[in-house]
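Please look over the sequence and the model below before you read on. My notes follow as numbered points.

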Amino acid sequence: SSITSSTSPTVNYIVATSTTAASTFAYRVGMGIVAPTSILDIRDNGNANLTIGRTDTDYAVNSHVGSIDFYNSDVSGSIQGVSSQIKSIAGTSGAGNHLVFSTKQSLAGAVLTERVRIADAGNVGIGTTSPSLLFSVHGAGYISSGLFVGGNIVSTSTTASILPYASTTAISVSGNLAVSGTLLVNNATSTITNLTTINATSTNATTTQLTVSALTSALIQADA
């Protein structure tokens, strides 16, 4: 049957057996605490857990396992209903679950759209439902401060990457810099030590604009 609230419970636990009846609590609900401070307050001595799951044992891939829905009831807007969600969905057979974070824009008829996914293997994806690396971003990004890379930077783009204001204070290479195509240096004011070039093309490379010490190998083309 359904459960109704009581100010003087006489049992240590309550079990609801109905699968259709609604249970209503007038105010705060406390578990492990006699004076709850929020709508649902769960306390335990050392390990307070909240478990959400399914009772069946056969999950289809990408099926809903459980979710926490955030409801927007603001009548002044057009987004009434569940406006954001944290959801667990089933992975492939024999694998774990994915954790999906979704939001909805303030538009009438809008649906929840996945924004971030943590895959069962731990990879985090933004703009992708199948992150192949530990952190995968599909789309443009902006970093307002420093970016520190401990390994290699690999670009798969076929268009040129532009680094404005790349001076000795804005860009620093402490190891080897390998260029598999053409290296264009425009109005360079940096001093480069031990430059090894193979069929490299430099634009406006003059003695006042580009200083090279210990030059070895191949060809440099300097255009006026």
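1. How many salt bridges does the count come to? The count comes to 3. A salt bridge here is a side-chain nitrogen of Lys or Arg within 4 Å of a carboxyl oxygen of Asp or Glu.

2. Keep the ground rules in mind. This is a predicted model, where local features need pLDDT of at least 70, side-chain atom pairs count only at pLDDT 80 or more, and totals for chains, interfaces and linings use all residues. Residues are numbered from 1 along each chain as its sequence is written, and side-chain values use heavy atoms, with hydrogens and water left out.

3. Take the salt bridge between D41 and R43. Their side chains meet at 2.7 Å, N to O. Is D41 buried or exposed? D41 is buried, at 6% relative accessible area. Buried means under 20%, exposed over 50%, and partly exposed in between (1.4 Å probe, protein chains only). R43 has 41% relative accessibility, so R43 counts as partly exposed.

4. R54 pairs with D56. The closest N and O atoms of this salt bridge are 2.6 Å apart. R54 is partly exposed, because its relative accessibility is 26%. D56 is partly exposed too, at 35%.

5. R117 and E114 form another salt bridge, with 2.8 Å from N to O. R117 is buried, at 7% relative accessibility. E114 is partly exposed, at 27%.

6. Now the overall make-up. The protein chain has 0 helices and 12 strands. Both are DSSP runs numbered from the N terminus: helices are H or I with at least four residues, strands are E with at least two. Of the 224 residues, 16% count as buried. The accessible surface is about 17400 Å², and 54% of that belongs to carbon and sulfur atoms. Such areas come from the Shrake-Rupley method with a 1.4 Å probe; for residues, only the protein chains shown count as cover.

7. Which residues make the nonpolar surface patch of about 380 Å²? They are L50, I52, I68 and F70. Patches are made of residues with over 30% relative accessible area and no salt bridge; like charges are joined within 9 Å, and nonpolar side chains (Val, Leu, Ile, Met, Phe, Trp, Tyr) within 5 Å. I68 lies in strand 3, residues 64–72. I68 has 40% relative accessibility, so I68 counts as partly exposed.

8. S136 deserves a look. S136 sits in strand 8, residues 135–137. S136 is buried, with 7% relative accessible area. Its side chain reaches the backbone nitrogen of L133 at 3.2 Å. Leaving out residues up to four places away in sequence, S136 touches V124, G125, I126, T128 and P131. Contact means heavy atoms within 4.5 Å.

9. Contacts can also be sorted by sequence separation. Among those in the protein chain between residues at least 6 apart, 12% join residues at least 24 apart.

10. Finally, confidence. pLDDT is the predictor's confidence in each residue, from 0 to 100. The chain's mean is 77, and 62% of its residues reach 70 or more. Which element has the lowest mean pLDDT, and which the highest? Strand 10 (residues 200–203) has the lowest, 50, and strand 7 (residues 124–126) has the highest, 97. Over residues 204–208, pLDDT stays under 50, and the model has 7 contacts for them beyond four places in sequence. Where pLDDT is low, the predicted coordinates should not be read in detail.

How values were computed
A polar contact is a pair of N or O atoms within 3.5 Å; within protein, one must be able to donate a hydrogen and the other to accept it, and residues adjacent in sequence count only if both atoms are side-chain atoms.
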